[in-house]
Amino acid sequence: MAATQLHSLFSTTTRTRTRTRTRDTSTKKQSLVITNKLGAQVIGRKLRVAVIGGGPAGSSAAETLSSGGVETFLIERNSTGAKPCGGAIPLCMLDEFSIPLDLIDRKVTKMKIISPSNLTVDFGKTLKEHEYIAMLRREVLDSFLRSRAEASGVSVVNALFTHLEVPMIASGAPYVVHYNVNGSKESIEVDVVIGADGANSRVAKSIDAGDYNCAIAFQERIKLPDEKMKYYENLAEMYVGNDISPDFYGWVFPKCDHVAVGTGTVSSKQDIKLYQRGVRERVEDKVRGGRVIKVEAHPIPEHPRPRRVRGRVALVGDSAGYVTKCSGEGIYFAAKSGRMCGEAIVKASGNGTRMIDEDDLKREYLKKWDAKYINTFRFLDLLQKVFYGNNSSREALVELCGNDYVQRMTFESYLYKRIAVGNPIEDVKMLVNTVGSLIRAKILGREMEKLALEGCVIKSRLGVITAKQ
Ligand SMILES: Cc1cc2nc3c(=O)[nH]c(=O)nc-3n(C[C@H](O)[C@H](O)[C@H](O)COP(=O)(O)OP(=O)(O)OC[C@H]3O[C@@H](n4cnc5c(N)ncnc54)[C@H](O)[C@@H]3O)c2cc1C
């Protein structure tokens with residue numbers, strides 16, 4: 001339904017039962033006046049959007065909306081909490097999201113990948129002098145992004161979102177967002193809702209967005225004696241093997257004064273503690289004398305939800321399912337999807353002056369997101385299937401990671417989130433190396449058969465894949 005049709009259905013109403021929290025934390029009555037004027041102009045106020053969840057996705061969406069002239073509410077249940085997370089972000093995110101360098105705990109310039117047989121490959125060899133992987137604590141990053149959103153005019157509401165009243169789409173009535181604040185139940189009427197409330201998204205449930213498979217990730221934060229911490233000063237480690245995970249990797253990531261040691265699995269969630277023991281056994285010597293200061297676990301989505309936009313509700317970040325397989329990376333994609341969704345609403349609403357509809361969200365947000373990233377997600381999904389399946393293929397993966405060209409292309413894609421420009425001769429060599437490693441691991445034939453069935457074409461080098469239409 002076009003925006004004008006939708007709006008011709010709006011009645012000019014004043015609702016008085018809504019209470020909302022303003023920025024000076026006083027509570028006052030507000031009402032949402034909806035217009036049925038031609039051209040779907042929002043009269044006497046700006047378009048009103050509620051963003052549920054103040055992680056990287058929600059804060060980025062909210063800041064973009066508010067800066068673009070939209071009246072924005074950001075509802076976050078835990079403003080001091082720390083999302084369980086490794087906290088590794090790519091270099092391009094620092095620039096793109098203007099993240100101050102003093103928020104970074106560690107600049108990782110060395111990465112070791114360790115195979116099931118303990119073959120170790122140094123994976124940071126090709127990094128240039130100014131290049132590194134930034135490690136941050138999520139409590140620090142999230143609180144910075146939220147404060148910046150608030151400074152741009154967002155009304156931040158410290159409250160637990162409970163449920164969403166979804167109007168009959170054709171009625172054009174407002175969405176009613178219900179939340180609990182300091183023990184009292186409150187609600188707010190809005191034109192548009194963004195679900196940025198993570199992997200267990202209540203917004204997604206409210207709009208029947210459908211389920212996704214999740215991995216479970218488990219992580220221990222271990223405070224190490226100074227001399228042991230020195231070893232991990234600018235070093236991260238990745239472990240693969242049946243003892244670590246049937247379908248993921250284990251990690252040791254350095255933080256300001258401790259290391260985060262963890263693993264994840266999709267297919268064998270009930271055994272996650274067993275796999276964590278596997279990681280701990282592999283790193284035993286390096287963390288001996290350390291003290292566990294925190295244990296945390298959290299789901300990681302495995303693929304996008306069946307529906308990411310419904311009516312005037314859009315999902316972003318983990319709520320939408322934007323975590324790459326193989327690497328488990330989601331922070332950049334959360335912030336980016338939040339920003340792209342915010343930009344879409346600002347554009348479609350003419351800086352908050354016009355009502356928007358489902359078609360606007362699909363065209364300006366979903367279509368652009370899919371065009372930019374869906375192939376990256378598919379490619380990493382494929383890599384996970386090929387290389388994480390069994391110990392032979394994991395040995396092949398580690399062997400390949402020793403290749404300078406593979407390292408350069410991988411880091412180029414990861415650090416800058418752009419398709420690396422390859423060298424055709426090196427591409428062919430890499431293909432030959434890959435085939436050689438996989439044949440040694442005896443898995444190529446099986447996976448190529450599956451690939452053909454899926455209709456996917458690997459486009460000559462790491463980081464690029466296109467699906468046949
Ligand atoms: C153990 C682990 C390690 C990881 N390591 C990395 C890594 O190193 N690098 C990387 O890029 N990615 C990593 N990820 C993935 C990354 O953490 C997520 O992809 C990312 O946090 C998604 O951001 P988001 O804003 O979409 O959701 P979240 O960060 O989950 O934020 C959701 C926000 O919504 C709030 N919220 C939820 N429900 C409600 C409610 N009902 N009412 C109000 N507020 C609500 C939450 O409090 C939270 O602040 C890791 C994940 C796990 C589990």
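Helices (H or I, at least four residues) and strands (E, at least two) are taken as DSSP runs, numbered from the N terminus. The model examined here is predicted: local features need pLDDT of at least 70, side-chain atom pairs count only at pLDDT 80 or more, and totals for chains, interfaces and linings use all residues. Residues are numbered from 1 along each chain as its sequence is written.

A residue is called buried if 20 or more other C-beta atoms lie within 10 Å of its own, exposed if 12 or fewer, and partly exposed in between, with C-beta atoms placed from the backbone. In α13, the buried residues are Val406, Gln407, Met409, Phe411, Ser413 and Leu415. An α-helix has 3.6 residues a turn, so residues three or four places apart point the same way. After α13 comes Lys417, with a positive phi near 50°.

Two further residues deserve a look for their backbone angles. Most residues other than glycine have a negative phi. Cys326, although not a glycine, has a positive phi of about 75°, and this residue sits in the loop between α9 and α10. Cys326 is buried, because 20 other C-beta atoms lie within 10 Å. Asn351, also not a glycine, has a positive phi of about 55° and belongs to the loop between α10 and α11 (358–387). Asn351 has 14 C-beta neighbours inside 10 Å and therefore counts as partly exposed.

Of its 469 residues, 45% count as buried. Contacts are counted when the C-beta atoms of two residues, placed from the backbone, lie within 7 Å. Among those between residues at least 6 apart in sequence, 71% join residues at least 24 apart.

Strands of a sheet pair through backbone hydrogen bonds, either parallel or antiparallel. Two strands are said to pair if DSSP finds at least two bridges between them. Strand β16 (residues 235–239) is mostly covered, with four of its five residues buried. Strand β7 (residues 110–114) pairs with β16 in the parallel sense over five bridges, and Lys110 stands opposite Leu235. Strand β17 (residues 250–254) pairs with β16 in the antiparallel sense over three bridges; here Glu237 has Val252 as its bridge partner.

An open sheet is formed by three strands in the order β5-β9-β6, with antiparallel pairing. Its edge strands, β5 and β6 (106–108), each pair on one side only. Between β5 and β9 (residues 133–135) there are two bridges, and Ala88 has Met135 as its bridge partner.

Of the 40 residues around the ligand, Gly53, Gly55, Gly86, Gly317 and Gly330 come nearest. The ligand lies between domain 1 (3–81 + 140–209 + 304–372) and domain 2 (88–137 + 213–301), because both give residues to the shell; the domain bounds come from an automatic or database domain assignment.

Key: A residue is near a molecule or strand if its C-beta atom, placed from the backbone, lies within 6 Å of it.
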